[in-house]
Amino acid sequence: MATIAANLQAVNKRIERTTQSCGRAASSVRLIAVSKTFAAARIAEARAAGQRAFGENYMQEAIVKMDELAGLALEWHFIGPIQSNKTRLIAERFDWVHSVDRLKIAERLSAARPAALPPLNVLIQVNIDDERSKSGVAPNAAPALARAIAALPRLKLAGLMTIPQPAAVVAAQRRPFAALRRLRDEIAAAGVALEHLSMGMSADLEAAIAEGATLVRVGTAIFGQRNAMNGGR
Ligand SMILES: *Cc1c(COP(=O)(O)O)cnc(C)c1O
């Protein structure tokens with residue numbers, strides 16, 4: 001059975017190979033290990049193998065694991081849908097939020113960010129290609145949302161994030177990632193700098209890196225399949 005350490009090494013190798021073939025520095029892509037549904041012990045195992053940034057989707061589950069792992073100085077990324085009654089805990093406990101898709105949520109996060117902490121890093125989730133999904137702002141509404149969020153005092157607008165529909169071949173995988181990159185460039189040209197593109201998961205991180213991803217969110221390829229045993233969702 002592959003260990004988490006071996007899986008991490010393999011994923012880092014994929015990132016290294018892809019950045020190399022794109023003429024990018026390996027250090028220009030950060031790996032976020034998506035640990036949703038997996039126990040704190042698995043996260044500790046990944047930390048021991050050198051991984052420091054972790055992504056979680058469910059507030060209650062994340063808090064339990066954070067408390068268990070408090071001594072490890074981990075960096076926590078919230079990547080799931082945000083309910084407005086969870087914004088205080090997210091603002092208090094997380095370092096990054098990838099899934100902001102409306103101003104009301106951003107305002108609540110900014111208001112709840114403790115003064116003792118640095119501004120909360122946020123990314124705007126964009127619904128780049130999926131008419132049926134309710135998550136993510138429509139691309140044509142993203143520039144105005146970016147301007148409004150950039151003005152909030154306790155947030156640092158860090159970039160854009162997307163979860164495209166799965167596609168089997170690389171050319172099809174690249175299309176929505178390229179669209180997100182163009183949207184980022186358009187918003188930047190209008191005066192709102194966006195450093196990061198959070199895109200790419202276990203199955204399509206190569207396509208995402210080829211289109212400029214700086215944060216890749218990888219679960220299955222590190223921790224294994226999510227299933228009924230580990231509460232797979
Ligand atoms: C679960 C999840 C991932 C990881 O997906 P894998 O296919 O397991 O790598 C990445 N991003 C988000 C937003 C997720 O919910």
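**Exercises on the ligand pocket of a predicted model**

**Exercise 1.** State how the residues lining the largest pocket of this predicted model divide by type, and describe the pocket.

Solution. Step 1: sort the lining by residue type, which gives 14 nonpolar, nine polar and eight charged residues. Step 2: look towards the middle of the pocket. Of its 31 lining residues, Lys-36, Asn-57, Ile-163, Met-201 and Arg-217 lie nearest the centre. Step 3: find the elements that give two or more residues to this lining; they are strand 4 (96-100) and strand 8 (215-218). Step 4: note the volume, about 560 Å³ of space.

**Exercise 2.** Locate the ligand and describe the shell of residues around it.

Solution. Step 1: the ligand takes up the space of the largest pocket. Step 2: list its surroundings. Among them are Val-34, Ile-79, Thr-220 and the run Arg-217, Val-218 and Gly-219. Step 3: sort the shell by type, which gives five nonpolar, four polar and three charged residues.

**Exercise 3.** Find side chains with an N or O atom within 3.5 Å of a ligand oxygen atom, then state how much of the ligand the protein covers.

Solution. Step 1: check Ser-202, where an N or O atom of the side chain is 2.5 Å from a ligand oxygen. Step 2: check Lys-36, where the corresponding distance is 2.6 Å. Step 3: check Arg-226, where it is 2.9 Å. Step 4: turn to the cover. On its own the ligand has 390 Å² of accessible area, and the protein covers 88% of this.

Notes. Residues numbered from 1 in each chain as written. Predicted model: local features only at pLDDT ≥ 70, side-chain atom pairs only at ≥ 80, totals over all residues. Heavy atoms only, no water. Near = heavy atom within 4 Å. Polar contact = N/O pair within 3.5 Å; in protein donor to acceptor, adjacent residues only side chain to side chain. Areas by Shrake-Rupley, 256 points an atom, 1.4 Å probe, with all protein chains shown as cover. 1 Å grid on protein atoms, 1.4 Å probe; cavity = no way out; pocket = protein on both sides within 12 Å on 5 of 7 lines; lining within 4 Å. Sits in = over half its atoms within 2 Å of the grid points. Nonpolar A, V, L, I, M, F, W, Y, C, P; charged D, E, K, R; others polar. Points joined across faces, edges and corners; volume = space filled by probe spheres on them. Helix = DSSP H or I, 4+ residues; strand = E, 2+ residues; numbered from the N terminus.
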